[in-house]
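Open the model in your viewer and keep the selection tool at hand. The tour below goes from one selection to the next and says what is there.

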Amino acid sequence: MSMMSAWATVPSVALHARVRHLPGRAVKAPSRALPQKPHPARCVGVTRASSSSDGEVSLPKGARAKRGRGRRDGRPKPCRSSREDSPSQNAAVTSQQTATSSNESESASASDAVISVRNTSAGAEASMVQDAPSSDWSSREIGTVACFAALAAGTVANAGGPTTFANELERAFESLIANHLPGVGGVIEDSFLGLLTVCTVYSLWRSSLVPKPIGNPITRKSKTLASWAHVISGGGALLTGLYGIGLERIYRETPGWGWMWVSSALFLTNALTYTPLMAIFKASKEGKYAMKLGYSFVASFQGVVFIAWSARSDAPDWMYYAVMPFWFFSIGKLWESTEFVLALAPDSETKKTAPSLLDKISAGSKKRLGKMTPDAATLTYVSLNAFAAVFDNCYMALYTVLGPEQFWHTSQTFNDADFHLRMVKGTTGSLTVALLIFISTLGWRKQMPMSLAIWLNVILGSVGPWIVLFWHKLQDPSENWFPQFVFDPAYDYHPLWDSAAALGAGN
């Protein structure tokens with residue numbers, strides 16, 4: 001009954017509250033011919049006024065009924081009626097308002113609960129779909145494992161079966177022990193080559209060339225043809241380089257021509273396809289320029305490989321001319337190394353007012369490389385790279401003047417270890433620099449502690465090439481430090497242009 005009285009009373013009160021009573025004008029009564037849909041109860045605020053005899057609510061002149069919609073402290077505004085003597089009506093309005101608000105709150109709560117359940121269900125389904133491995137990825141993993149299993153089986157079969165393969169492993173281990181160099185030279189050689197081996201295996205494991213679950217590749221940010229060529233050539237270069245130093249250290253043997261051409265082509269391709277990746281390489285100016293310098297060393301070392309192999313008795317005559325294009329990379333790394341030296345040059349006290357000649361010369365290098373900190377690692381890296389670039393250009397110049405036969409005469413006659421190791425020195429140097437570039441990339445991408453990457457950079461990039469250069473001194477300390485720059489007094493040296501002039505004169 002209270003609900004029915006509320007619906008019967010509230011519309012009438014609201015209707016009369018909307019009508020302004022004007023003197024001298026009749027008020028039109030609402031039509032009751034058509035049934036009206038009951039409206040939700042609203043709390044109506046009106047001013048106190050006297051009631052007329054016909055039941056209408058009289059308002060003062062100029063007053064307007066106001067509709068209360070607000071909330072106060074989260075509760076409905078209390079209803080005030082013009083009729084003080086009708087508490088039942090006020091109670092009915094308040095009861096209806098409370099009931100309606102309660103129904104609306106319960107309906108909203110139920111709707112929110114349904115939406116929450118639906119969202120939770122959808123989120124759970126999405127999470128299940130996201131966490132569940134896709135069939136494509138599973139197929140790729142299975143294919144990777146099957147490929148490596150087939151490769152291992154092929155290696156065993158190529159060796160002549162499991163028994164022969166086991167015997168070959170035993171012979172390799174015995175040769176590794178037997179060919180260990182005596183004294184400090186053996187410790188340095190095994191330490192350096194062991195570090196190269198560990199870094200090479202780790203780099204292959206992190207390379208995109210070895211997918212999961214065998215490898216742990218870093219996320220590739222570029223999948224262009226140039227980046228694919230860079231990844232494939234880089235992985236192949238690491239493998240062929242590791243094969244060369246393994247053959248030398250274990251058996252003290254030299255690989256053949258096929259290995260030389262393949263490894264050199266892979267290293268050169270890797271050095272020439274890095275440029276598109278520089279746009280997405282997140283490093284400082286110094287880091288990007290160091291990568292550029294590193295690939296200049298890798299490319300120029302292929303000229304050193306050609307110089308070494310041109311002295312073989314079965315080498316073609318055109319190999320001397322094939323060395324000449326590598327002058328471009330040799331001069332390039334000399335200038336890039338000089339840029340690092342100039343970037344570390346101190347500023348004069350009068351740089352802003354009256355810059356010195358050194359300030360003017362080093363201004364461009366400092367702008368290109370940014371601010372560099374002259375700490376121990378940086379000074380070691382810059383100084384050794386600068387000396388290496390100067391030496392390599394002198395090496396190239398002497399070979400250009402003398403040619404392969406005269407250039408290698410002292411080494412072939414008096415330095416057997418150097419003449420033997422020349423076949424793998426260039427490739428080992430290329431492997432050393434390529435590893436430091438990849439490890440530096442891991443450091444910049446926070447895949448490895450940057451402090452470790454910096455010191456590996458110093459060991460592999462700055463100290464490593466010098467160990468490779470003096471590798472022959474580790475095997476035989478009695479040999480010359482720089483055999484190519486030691487001239488035999490009993491040998492008749494003459495520059496190539498003298499030979500060309502003699503041939504032109506008919507002598």
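A residue counts as buried when its relative accessible area is under 20%, as exposed when it is over 50%, and as partly exposed in between. Start with Val201: its relative accessibility is 48%, so this residue counts as partly exposed. Val201 is part of helix H5, which covers residues 183-206. Leu238 and Val201 are 37 residues apart along the chain, and their C-alpha atoms are 8.7 Å apart.

**The whole chain**

Zoom out. This is a predicted model. The chain has 507 residues, and 37% of them count as buried. Colour by secondary structure to find 17 helices and four strands. Among contacts in the chain with a separation of 6 or more, 76% are between residues 24 or more positions apart.

Select Lys212 and Pro213. The peptide bond that joins Lys212 to Pro213 is cis, and its omega is near 0°. Pro213 belongs to the loop between H5 and helix H6 (225-251).

Go on to Arg252, in the loop that lies between H6 and helix H7 (257-272). Arg252 is not a glycine, yet its phi is positive, at about 55°. Is Arg252 buried or exposed? Its relative accessibility is 18%, so Arg252 counts as buried.

**Helix H8 and a pair of rings**

Select residues 285-309, which form helix H8, and show the side chains of Phe297 and Phe301. These two residues are four apart in H8, about one turn of the helix. How are the two rings arranged? The ring centres of Phe297 and Phe301 are 5.9 Å apart and the planes are at 65°, so the pair is edge-to-face. Phe297 and Phe301 are both buried. A search of the whole structure gives 27 aromatic pairs.

Next, select helix H12, residues 376-407, and show Phe391 and Tyr395, which are four residues apart and so about one helical turn from each other. The ring centres of Phe391 and Tyr395 are 6.0 Å apart, with the planes at 40°, so this pair is tilted. Both residues, Phe391 and Tyr395, are buried.

Keep H8 and H12 on screen together. Two packed helices are described by the angle between their axes and the distance between the axes. For H8 and H12, the axes come within 11 Å and cross at roughly 25°. That angle makes H8 roughly parallel to H12. The crossing of H8 past H12 is left-handed. To see where the helices meet, select residues on each side: those from H8 include Phe297 and Phe301, and those from H12 include Tyr395 and Tyr399.

**Helix H14 against H8**

Which residues meet here? On the H8 side they include Gly287, Gly294, Phe297 and Phe301. On the H14 side they include Arg422, Gly426, Gly429 and Trp444.

Arg422 lies over the face of Trp408, and its distance from the ring centre is 5.6 Å.

The phi of Lys446 is near 60°, which is positive although the residue is not a glycine. Lys446 has a relative accessible area of 75% and is exposed.

Move to Met448, which lies in the loop between H14 and H15 as well. The relative accessibility of Met448 is 11%, so Met448 counts as buried. What touches Met448, apart from its neighbours within four places in sequence? The residues in contact with Met448 are Tyr202, Ile439, Leu442, Gly443 and Ala453.

**Last stop**

Finish with Lys473 and Trp481. Lys473 lies over the face of Trp481, 4.6 Å from the ring centre.

Technical notes:
Residues numbered from 1 in each chain as written. Predicted model: local features only at pLDDT ≥ 70, side-chain atom pairs only at ≥ 80, totals over all residues. Heavy atoms only, no water. Phe/Tyr/Trp six-rings, centres within 6.5 Å; stacked < 30°, edge-to-face > 60°. Buried < 20%, exposed > 50% of the residue type's maximum accessible area, 1.4 Å probe, protein only. Lys NZ or Arg CZ within 6 Å of the ring centre and 35° of its normal. Contact = heavy atoms within 4.5 Å. Axes fitted to C-alpha atoms, helices over the stretch in contact; angles between N-to-C directions. Parallel < 35°, antiparallel > 145°, perpendicular 65-115°, else oblique. Left-handed = near helix turned anticlockwise from the far one by under 90°.
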